[in-house]
Amino acid sequence: MVIGLMGGVGCGKSTVMNYLEKTYGAYIIEADQVAKEIMNPGNEVYHKIAETFPEVIQNGKIDRKSLADIVFASEEKLAKLNAITHPGTIKEIMKLIAIAENDIIVLESAILLGSGLENYCDELWFVYCSLETRIKRLMDNRGYSREKCISIINNQPKDEEYNACADEYIDNSYSEEKTREQIDLILRKMDC
């Protein structure tokens with residue numbers, strides 16, 4: 001079973017993933033991590049980025065800060081980068097799903113909805129957390145200012161968008177114990 005895990009920054013998707021991995025032996029695929037790995041030398045995506053943005057190659061590696069400075073200053077360049085990285089990330093994720101031997105596979109991705117990845121998931125789970133709790137977590141755990149937290153949250157899909165597509169809903173606004181109870185209940189209902 002492939003579970004697509006979605007929710008905004010600071011909602012606690014990591015808490016859910018860690019519990020599923022430790023308690024149920026889930027295989028975890030984090031799309032952001034996959035995207036970073038395919039940008040390493042020797043990968044097809046690396047070579048395409050090197051061809052498109054040769055100025056970001058430093059000592060045979062992609063200088064991610066230089067790349068970010070370039071693409072976030074130009075919508076056209078960002079679109080070019082996304083046209084390279086998104087298909088490459090999806091291709092690698094599909095390969096990881098195909099070789100996984102676990103009963104439960106958890107796919108966490110900021111681009112899950114609308115990327116096509118949702119079509120490879122048996123279930124979509126929405127991890128919800130109240131706005132103020134998310135802001136507090138981001139300020140405490142990442143050292144962000146309140147303004148930066150709000151800016152990041154406002155640039156992500158709204159909770160209503162996630163909830164409209166979700167098969168399951170987990171409220172992670174309270175204790176980890178309450179979150180674990182919800183996960184256990186969902187999986188019992190699915191007979192896992």
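# Exercises: loops, helices and pockets

Let's start with Asn59, which sits in the loop between β3 (57-58) and β4 (61-62). Strands here are DSSP runs of E with at least two residues, helices are runs of H or I with at least four residues, and both are numbered from the N terminus. Keep in mind that this is a predicted model, where local features need pLDDT of at least 70, side-chain atom pairs count only at pLDDT 80 or more, and totals for chains, interfaces and linings use all residues. Residues are numbered from 1 along each chain as its sequence is written, and side-chain values use heavy atoms, with hydrogens and water left out.

**Exercise 1.** Work out whether Asn59 is buried or exposed, and look at its phi.

*Solution.* Step one: get the cut-offs, which are under 20% relative accessible area for buried, over 50% for exposed, and partly exposed in between (1.4 Å probe, protein chains only). Step two: Asn59 has a relative accessible area of 82%, so it is exposed. Step three: its phi is positive, about 55°, although Asn59 is not a glycine.

**Exercise 2.** Describe how α3 and α4 each pack with α5.

*Solution.* Two packed helices are described by the angle between their axes and the distance between the axes. Step one: know your axes, which are lines fitted to C-alpha atoms, for helices over the stretch in contact, with angles from 0 to 180 degrees between N-to-C directions. Step two: learn the names for angles (under 35 degrees roughly parallel, over 145 roughly antiparallel, 65 to 115 roughly perpendicular, the rest oblique).

Step three: α4 and α5 pack at about 130°, with axes 7 Å apart. That makes α4 oblique to α5. Here Leu67, Ile70 and Val71 in α4 meet Lys77, Leu78 and Leu81 in α5.

Step four: helix α3 (residues 44-52) crosses α5 at roughly 175°, and their axes come within 10 Å. That makes α3 roughly antiparallel to α5. Among the residues in this contact are Val45 and Ile49 of α3 and Thr85 of α5.

Step five: zoom in on Thr85, which counts as buried because its relative accessibility is 9%. Leaving aside neighbours within four places in sequence, Thr85 is in contact with Ile38, Val45 and Ile49.

**Exercise 3.** What lines the second largest pocket?

*Solution.* Step one: define a pocket: on a 1 Å grid over the protein atoms alone, it is an open set of points where a 1.4 Å probe fits, with protein on both sides within 12 Å along at least five of seven lines, and lining residues have an atom within 4 Å of a point. Step two: count 19 lining residues, of which Asp32, Ala35, Phe72, Leu81 and Asn82 lie nearest the centre. Step three: find the elements that give two or more residues, namely α2, α4 (64-71) and α5 (75-99). Step four: name the biggest contributor, α5, with six residues.

Terms used. Contact means heavy atoms within 4.5 Å.
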